[in-house]
Amino acid sequence: MIDYPVRLFWKANATNFCFEYLVLPFMCIFFNLHYPDTKSTLRKVIYYLCILLGFTLLEVQVEKYTEILTYVNWYWFYTSISMLLLLYLVRTVYKWFFHLPKPFSL
Amino acid sequence: MNIERFILFSGIIIFIAAFLYIPKGQLRQALLAFVLFQATTWFISLVLVQMNILQFPVREFPKATGSVFIPQFFIYPAFFTWFYLCLPYKSSKHYRILHWLISISIPVHFAYFIAVYTDLSQFTKGSLLRNLAYLYGEFGFQYFVCFRYLKWFYSEEKGKVN
């Protein structure tokens with residue numbers, strides 16, 4: 001579905017190790033640290049949308065102008081949806097781990 | 001079913017069974033230890049394959065990665081999780097050293113036997129004794145680093161949420 005022609009550990013891995021091991025975790029860390037917990041639901045939805053759209057835009061540009069990433073059977077909104085699910089899951093586990101209230105809510 | 005599939009299937013079953021036996025109050029500690037060790041095995045296994053020290057001829061996702069998935073992401077982290085949960089904090093120094101030695105020997109000998117007797121992994125260079133010493137060094141290092149991180153994470157600091 002996605003191909004990574006140029007990558008770190010090219011013999012050992014067919015995926016983008018830098019992205020999965022460094023970029024994604026740091027993104028999740030800062031997403032959770034700066035999450036507008038005490039603000040309104042609208043603010044939280046806007047926060048999610050800004051992060052997702054910004055990331056998707058960046059990924060589309062990387063796909064278009066570099067050989068780090070190639071879409072084979074993939075579209076940009078698949079990235080948005082999968083990132084949304086991932087960020088929500090990470091936030092839920094984070095809230096459960098630190099005994100914060102309502103882990104499943106926004 | 002050949003031996004490799006049997007080991008992979010058993011690994012999943014043992015992992016699930018081990019997970020069910022974790023005491024409820026220690027679930028978060030166990031999860032953190034598990035995920036932390038996964039992070040180290042993931043990185044180290046890719047480095048070993050890239051440097052052509054270790055090979056994994058039979059693996060679950062042959063197109064996606066050069067490393068096995070179930071042993072690196074379930075079996076070895078499960079060994080470490082139980083090592084961490086069963087650490088004898090109140091015992092004598094000798095008992096604690098023995099606990100470390102035995103706990104590190106379990107994944108080392110598991111890795112050694114699957115390298116020698118199955119196709120799940122293969123050493124590409126060096127004698128078997130040298131590779132055994134290498135495995136002890138690798139797992140010892142991983143256990144030490146993860147243990148130190150967990151000790152820091154759960155240390156009593158002012159204002160820290162545990």
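In what order do the elements of chain A run from the N terminus on? The elements run β-α-α-β-α, where helices (H or I, at least four residues) and strands (E, at least two) are DSSP runs numbered from the N terminus. That makes 3 helices and 2 strands for chain A. This is a predicted model, in which local features need pLDDT of at least 70, side-chain atom pairs count only at pLDDT 80 or more, and totals for chains, interfaces and linings use all residues. Residues are numbered from 1 along each chain as its sequence is written, chains are lettered from A and ligands numbered from 1 in the order in which they are written, and side-chain values use heavy atoms, with hydrogens and water left out.

Chain A itself comes next. Along its principal axes, its C-alpha trace spans about 45 × 25 × 20 Å. Of its 106 residues, 31% are buried; here buried means under 20% relative accessible area, exposed means over 50%, and partly exposed is in between (1.4 Å probe, protein chains only). Contact, for its part, means heavy atoms within 4.5 Å. Take the contacts in chain A with a separation of 6 or more: 53% of them come from residues 24 or more positions apart.

The expected span of a helix is 1.5 Å times one less than its number of residues. An α-helix has 3.6 residues a turn, so residues three or four places apart point the same way. Just past α3(A), His99(A) has a positive phi of about 55°.

Over all chains, the count comes to 1 salt bridge. Its partners are the side chains of Asp37(A) and Arg91(A), at 3.1 Å from N to O. The pair ties together distant parts of the chain, 54 residues apart, with Asp37(A) in the loop between α1 and α2 and Arg91(A) in helix α3. Arg91(A) has a relative accessible area of 3%, so it is buried, whereas Asp37(A), at 40%, is partly exposed.

The loop between β1 (2-3) and α1 of chain A holds Asn13(A). With a relative accessible area of 5%, Asn13(A) is buried. Its side chain joins that of Thr15(A) in a polar contact of 3.0 Å. (A polar contact is a pair of N or O atoms within 3.5 Å; within protein, one must be able to donate a hydrogen and the other to accept it, and residues adjacent in sequence count only if both atoms are side-chain atoms.) Leaving aside residues up to four places away in sequence, Asn13(A) touches Arg7(A) as well as Leu46(B), Ala64(B), Thr65(B) and Gly66(B). Phe9(A) sits in the loop between β1 and α1 too, and has a positive phi of about 55° although it is not a glycine.

How do the two chains meet? In total, 20 residues of chain B are in contact with 14 residues of chain A. Together the chains bury about 1,600 Å², 68% of it on carbon and sulfur atoms; buried area is the accessible area (1.4 Å probe) that two parts lose on being put together, summed over both. On the chain B side, Arg28(B), Trp42(B) and Gln50(B) lose the most area to chain A, together 43% of what that side buries. Helix α2 of chain B (residues 27-50) gives the largest share of that side, 12 residues. Across the interface there are 0 salt bridges, but 9 residue pairs are in polar contact, both at pLDDT 80 or more.

Finally, α5(B) has 26 residues and reaches 37 Å from its first C-alpha to its last, close to the 38 Å expected. Its buried residues pack against α3 of chain A, together with α2, α3 (70-85), α4 (93-117) and β2 (122-123) of chain B.

Conventions
A salt bridge is a side-chain nitrogen of Lys or Arg within 4 Å of a carboxyl oxygen of Asp or Glu.
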